[in-house]
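Take a look at the chain below.

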Amino acid sequence: MKTRILTLCLGGLLLFSCDSKKGTPKYQEIEGVAGTVEYRVKYISTDTISLKSSIDSIVRTIDNSLSVYNEESIVSKINKGYVPIKADEHFKKVYTAAREIWKESGGKYDPTVGLLVKVWGFGREMVQPISKIPTDQELDSLKQYVGFEKVQIGSDGYVKKEHQAIQIDLTSVVRGYTVDVIGDFLQSKGINDYVVKVAGEIKVKGKNTLEGKPWVVNVIDPYELDSNYSEVTLKLTNEAVSTDENFRRVWIDGTGRRFVHIIDPSTGKPLESEMLSATVVTKSARESDSYATMFMLIGLEKSKEFLAKHPEIKALIIYSAEGNKAETYITENMKPLLVENKK
């Protein structure tokens, strides 16, 4: 498959008017911004009552808890040093999920690398190339504030951290978690055929019953600029998909050296890896979101080892081989979901 870099987009998310007769299933689509989060939902239902205000409320509540882009969120207050602060249920669930990935990755996935991210020019806003590469001594002075074990939720429900300077960023779990919560809400309303998207995290349930086929997600290579670029369609049922990559948030110094936003907590430096992107399919968006990030951090061989022990996870990994040639690794259980189309 002639693919280098993957991005995700929803296939066919146009609002259709299939039948105006009451009681007839129709496509319904909702999109919006709640807090700092953009979302998009498509579902099939006979009920035309708008669910937008309810979904906005769900997304805003999670944003107020866990978004590092929301200055008033619980996590932002923790990062500013306002601790101890009591965690709500969303924070507890995402924190617990992040600890699982932290352990499974052998510490490579660490949500407390915030200070290192900033010193390398990858803040919350746009990427800012730095004029001077940090010295090992400077990085060591910051690494004392890195370590997920240094952030705890006590039995009293309050978040505590060992050093005031520690920064925590759970974004790689939050987006997928938000997708799952929206999906649970839809199902509570009796909606069993839907697609939910937050950022690049997508979850589908049921199928496109109006067209009698699975929901589809298109995986496109934006780097093939001619008319023969590759497009891959994933056919999903009751699954979630996420992609993580290292090509968007990048800066290059005067020598041509490339620095990516993914920081290795053990070295304090941007990741040097053959990994270009990881697309992961699991049952929940929280899992697909966090595992895609984990694979980028642990590298190709360890990702293969992990996937061999977890046959329930499906993955498509793009990596740089000898001579900077992009190659693809696909798990066997992922192959039935892929349909290649040439344009």
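**From a strand residue to the helices**

Isoleucine 317 touches Met275, Ser277, Ala278, Leu300, Ser303, Leu307, Glu327, Thr328 and Tyr329, leaving out residues up to four places away in sequence. Contact here means heavy atoms within 4.5 Å. The model is a predicted one: local features need pLDDT of at least 70, side-chain atom pairs count only at pLDDT 80 or more, and totals for chains, interfaces and linings use all residues. Residues are numbered from 1 along each chain as its sequence is written, and side-chain values use heavy atoms, with hydrogens and water left out.

Isoleucine 317 sits in strand β17 (residues 314-320). Helices (H or I, at least four residues) and strands (E, at least two) are DSSP runs, numbered from the N terminus. Is isoleucine 317 buried or exposed? Its relative accessibility is 0%, so isoleucine 317 counts as buried. Buried means under 20% relative accessible area, exposed over 50%, and partly exposed in between (1.4 Å probe, protein chains only). Glutamate 245 lies 72 residues from isoleucine 317 in sequence, and their C-alpha atoms are 9.8 Å apart in space.

Serine 303 belongs to helix α8 (residues 300-309). With a relative accessible area of 0%, serine 303 is buried. Setting aside residues up to four places away in sequence, serine 303 touches Met275, Phe295, Ile298 and Ile317.

Now take the helix pairs. Two packed helices are described by the angle between their axes and the distance between the axes. Axes are lines fitted to C-alpha atoms, for helices over the stretch in contact, and angles run from 0 to 180 degrees between N-to-C directions.

Helices α7 and α8 pack at about 135°, and their axes are 6 Å apart. The two are therefore oblique to each other. The cut-offs are these: angles under 35 degrees count as roughly parallel, over 145 as roughly antiparallel, 65 to 115 as roughly perpendicular and the rest as oblique. From α7, the contact uses Tyr291, Met294, Phe295 and Ile298; from α8, it uses Leu300, Lys302, Ser303, Phe306 and Leu307. By class, the contact of α7 with α8 has seven nonpolar residues, one polar and one charged. Ala, Val, Leu, Ile, Met, Phe, Trp, Tyr, Cys and Pro count as nonpolar, Asp, Glu, Lys and Arg as charged, and the others, Gly among them, as polar.

Which residues does UniProt mark as "binding site"? An unreviewed UniProt entry places that feature at Ser172, Asp289 and Thr293. UniProt positions are given in the numbering used here, feature names are shortened, and annotations may be inferred rather than shown by experiment. The three span 122 residues in sequence, yet no two of their C-alpha atoms are more than 6.8 Å apart, so they gather at one spot.

Aspartate 289 is in helix α7 (residues 285-298). Its relative accessible area is 2%, so aspartate 289 is buried. Not counting residues up to four places away in sequence, aspartate 289 touches Thr171, Ser172, Val173, Val174, Arg175, Gly176, Glu201 and Ser242. At 11% relative accessibility, threonine 293 counts as buried. Beyond its neighbours within four places in sequence, threonine 293 contacts Tyr109, Ser172 and Asp244.

Next comes α6. The axes of helix α1 (residues 52-66) and helix α6 (residues 171-188) come within 10 Å and cross at roughly 150°. That makes α1 roughly antiparallel to α6. Ser54, Ile55, Ile58, Val59, Ile62 and Leu66 of α1 meet Val174, Tyr177, Thr178, Val181, Ile182, Phe185 and Leu186 of α6. This contact of α1 with α6 has eleven nonpolar residues, two polar and no charged.

Helix α3 (residues 89-104) packs against α6 at about 120°, with the axes 10 Å apart. That makes α3 oblique to α6. His90, Lys93, Val94, Ala97 and Ala98 of α3 make the contact with Val173, Val174 and Tyr177 of α6. The contact of α3 with α6 divides into six nonpolar residues, one polar and one charged.

Finally, the whole chain. It has eight helices and 19 strands. Of its 343 residues, 51% count as buried. Among contacts between residues at least 6 apart in sequence, 61% join residues at least 24 apart.
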